[in-house]
Amino acid sequence: MVEEKKQLTLVLGVIGADVHAVGNRILEYAFTEAGFKVVNIGVMASQEEFINAAVETNANAILVSSLYGHGEIDCRGLREKAVEAGIGDIKLYVGGNLVVGKQDWQAVEKKFLAMGFDRAYPPGTMPQEAIDDLLMDFGFVQKC
Amino acid sequence: MQLTNKRLEWDQFLEIRREILNSWPTGQEVDLEEAIAYQSKIPDNRRFAKKLETAKQEGITLAQPRAGVALVNEHIELLRYLETEGEADLLPTTIDSYTRQNRYNEAQAGIDESRSVGRSMLNGFPAVNHGVVACRQVVESVISPVQVRHGTPDARLLTEISLAGGFTAYEGGGISYNIPYAKDVPLERSIRDWQYADRLVGYYEERGISINREPFGPLTGTLVPPCISHSIAILEALLAAEQGVKSLTLGYGQCGNLTQDVAAIRSLEELADEYLSRFGYQDTVVTTVFHQWMGGFPQDESKAFGVISWGAATAALAKATKVIVKTPHEAMGIPTKEANASGIKATKQILNMLKDQPLMQSQELTEEKELIKAETRAILEKLLEFGEGDIAVGTVRGFQAGVIDVPFAPSRYNAGKLLPARDYYGAVRLLDFGNLPFGEDIKEIHREKIAQRGKTEGREPSFQMVIDDIYAIGKGMLVGKVR
């Protein structure tokens, strides 16, 4: 568990014109249970909303979900916007059904890492995996 | 302008129409008289409503996929493949998510990029950007009737272009395409905008052209109890009928328990007939659509076929007029055309094998049907009371009060207080009723069934149980039991 004094703040949302709300609710629940402070901007969030929320809350990471296939178009330029906003070092994670069609995951992952994301998750990833990665990436001792 | 469930005045309709057709260049391609002349040449065997009516009379279930890509030729190729290789009875044109939000500039960027990279960058067919002529190319390239399927709160321009473009069926509604598909669109607005769409369909009907209308049944696709989707389907049926719609297909998304699912489809049709005739809409034809499981799917394609096949079997046994088919790629997103066709073929095999097999009547089925009817009537009667007899007004007030509430919806105009969970047998019940206007007798049935499950699993029903249920089918089970 994350200690109170070092609680990490996460901005969570579903990008673009995507309205998939269920996973978003579950992620909010799972990350909150795991001890993170979750700033959930919900579905249909623009890049600007992610960045503004991160700046306003002094967040440690932005977690982007995309379930509907337009992730490739919607996510492009997010890292550059973070840089422009002066939070260029913020951790960016992305996950979901990121592209149209069943494509080779390694190629998709490479594409999103090249866009400036620190981690990308394939369809069907359980929340715990991202929780473990977050703790590791921020230097917390692995729980398990 | 006060929202009310009254047929839109023609002058008022035309005034809105001018504005709508000017909102994007392709709107100028729509000429109503020319469109009616074009539609009137489409023969009965290529008309959606006709094919559904015949299927209903024959007691068979038709199979329809979802499908749509960014570019016209590729979309035509896809539909042809689903018709010939996939043996689809009815075809779709699924609209992309930018168009659904009226973001036509972004849809255009998606079209342009799809052209340059040689694959679809959009999750559907951007019909507004492509315009009337392209839509006609699509419907003319196949033999089966084609329906537009989308998720658009303000679909007025899309409706104009779709109908002028020769599509003979059209999905959506002011509630079912708002609450699960938007976060910030007031219900007054989406209901009014869909009154426009329905009025246009009603006008085509007056001119002798039958256009099928289908409220979107499964809503959020996540453990939606039948009474919730039934209430909304009937509300939208009443709203559409008032605008002159005559062919209605009401939908329900599979929950997974056979008894509950069959009871749901059968009660849906009976309830719809009951309410339509009560409000004086005598000449509407109601058919039903059963959606194969709309929640999370297993990644493994063989397991996905299992889910698809169970949906096909349930649709056939329930005698739904059509079934909307999933694909083995569901867990990964948009399917390839091959995967899409394989889902239809698996479905058709089962539909054919079960078409002459009646389901045995049982006490449980009768009880389940009566329960769904009692729940749905409780909600609808409360909405009528809230609206002082006006169902449009009642709907808006009812959502505000949470007496109608959709689980897991993104809209802030939805109370979001319901918590559904499965009972021991996998039927979807309510763990938290929110503000649903149920009597103690109904509530007690739910409490008992959920308590029974909790006891067998040795845990108190909670949000964790709901999460377990949401993931269960994806992990190879129906009920999210503790490991």
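This is a predicted model: local features need pLDDT of at least 70, side-chain atom pairs count only at pLDDT 80 or more; totals for chains, interfaces and linings use all residues.

Biologist: How many helices and strands are in chain B?
Modeller: Chain B has 17 helices and 10 strands. Both are DSSP runs numbered from the N terminus, with helices (H or I) of at least four residues and strands (E) of at least two.

Biologist: What box do the C-alpha atoms of chain B fill?
Modeller: Along the principal axes, the box is roughly 65 × 50 × 40 Å.

Biologist: What share of chain B is buried?
Modeller: Buried residues are 61% of the 483 in chain B. Buried means 20 or more other C-beta atoms within 10 Å of the residue's own, exposed means 12 or fewer, and partly exposed is in between, with C-beta atoms placed from the backbone.

Biologist: Is B:T54 buried, partly exposed or exposed?
Modeller: B:T54 is partly exposed because 14 other C-beta atoms lie within 10 Å. B:T54 sits in helix 3 (residues 48-58) of chain B.

Biologist: On to the core. Which residues touch the most other members of the largest nonpolar core?
Modeller: A:I62 and B:A237 do, in a core of 191 residues. Helix 10 (residues 226-242) of chain B gives the most to this core, with 11 residues. A nonpolar core here is a set of buried Ala, Val, Leu, Ile, Met, Phe, Trp, Tyr and Cys residues joined through C-beta atoms within 7 Å.

Biologist: And what is B:A237 in contact with?
Modeller: Leaving aside neighbours within four places in sequence, B:A237 contacts B:P215, B:L248, B:L250, B:A272 and B:L276. A contact means that the C-beta atoms of two residues, placed from the backbone, lie within 7 Å.

Biologist: Why would nonpolar residues gather like that?
Modeller: In soluble globular proteins, nonpolar side chains tend to be buried together.

Biologist: Which domains does the assignment give for chain B?
Modeller: Domain 1 (10-354) and domain 2 (417-483); such bounds come from an automatic or database domain assignment. Their centres, taken over C-alpha atoms, are separated by 31 Å. Across the boundary, 15 residues of domain 1 of chain B are in contact with 13 residues of domain 2 of chain B.

Biologist: New topic. How many residues of chain B are in contact with chain A?
Modeller: 29 residues of chain B are in contact with 22 residues of chain A. Helix 5 (97-100) and helix 17 (463-472) of chain B each supply at least two residues of that side of chain B. By class, this side of chain B has 14 nonpolar, 12 polar and 3 charged residues. Ala, Val, Leu, Ile, Met, Phe, Trp, Tyr, Cys and Pro count as nonpolar, Asp, Glu, Lys and Arg as charged, and the others, Gly among them, as polar.

Biologist: Where is B:N123, then?
Modeller: B:N123 is in the loop between helix 6 (104-117) and helix 7 (127-140) of chain B. B:N123 counts as buried because it has 27 C-beta neighbours inside 10 Å. Beyond four places in sequence, the contacts of B:N123 include A:Y68, A:G69 and B:I334.

Biologist: And B:R100?
Modeller: B:R100 is in helix 5 of chain B. B:R100 has 27 C-beta neighbours inside 10 Å, so B:R100 counts as buried. Among the contacts of B:R100 beyond four places in sequence are A:A17, B:H150 and B:Y181.

Notes: Residues are numbered from 1 along each chain as its sequence is written. Chains are lettered from A and ligands numbered from 1 in the order in which they are written.
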